[in-house]
Amino acid sequence: MRKGRIILADKHSNMLAGIRRLLEDEAETVLMVADEASLHHALETHSPDVVVADLSLPSSTRRNIAWVLKTNFPKIKVIILSIHDEKAVLDDVMAAGVEGFVLKHRAVIDLIPAIRGVLQGGKYISPDIT
């Protein structure tokens, strides 16, 4: 079922393209951005339902992108993608207030359930966190 608007933010265009193909049947709009400035512009002009952002997306502050997004756009639902499976990383981004945390190596399996879950008001965390 296609509904909602999703913004994908990752500096790796090949990762974005693969995820976009995965989500095209899930959402009415899937936008891709590769940097923080483009992400802010897309957030202000497209009012997405969900942002899926790579944790390693460079930020203009000393905080990671999870903190930047939830500080500047607190009502937007955010799912963080990361290669890091350490509990300390998970704890930090969840403390920022994000709704989901998906490990990149599980994106094909976890991303659609994560998006559906956060759109219904829930939280989602990939099960492989150590």
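Helices α2 and α3 are roughly parallel to each other, a label for angles under 35 degrees. This is a predicted model: local features need pLDDT of at least 70, side-chain atom pairs count only at pLDDT 80 or more, and totals for chains, interfaces and linings use all residues. Residues are numbered from 1 along each chain as its sequence is written, and side-chain values use heavy atoms, with hydrogens and water left out.

**Helix pair**
- α2 (residues 36-46) and α3 (residues 65-72) pack at about 30°, with axes 12 Å apart. Helices are DSSP runs of H or I with at least four residues, strands are E runs of at least two, and both are numbered from the N terminus. Axes are lines fitted to C-alpha atoms, for helices over the stretch in contact, and angles run from 0 to 180 degrees between N-to-C directions.
- Glu 36, Leu 39, His 40 and Leu 43 of α2 meet Ile 65, Val 68, Leu 69 and Asn 72 of α3. Contact means heavy atoms within 4.5 Å.

**Sheet**
- Six strands form an open, parallel sheet, ordered β2-β1-β3-β4-β5-β6. Pairing takes at least two DSSP bridges between two strands.
- β2 (29-33) and β6 (124-125) are the edges; each has a single partner strand, so one side of each lacks a neighbour in the sheet.
- β1 (residues 5-9) pairs with β2 in the parallel sense over five bridges. Ile 6 has Val 30 in β2 as its bridge partner.

**Helices on the sheet**
- α4 (residues 87-96) packs on the sheet and touches β4 (77-82), β5 (100-103) and β6. The direction of α4 makes about 150° with that of β5.
- α5 (residues 107-119) also packs on the sheet, touching β1, β3 (50-54), β4, β5 and β6.

Key:
Parallel < 35°, antiparallel > 145°, perpendicular 65-115°, else oblique.
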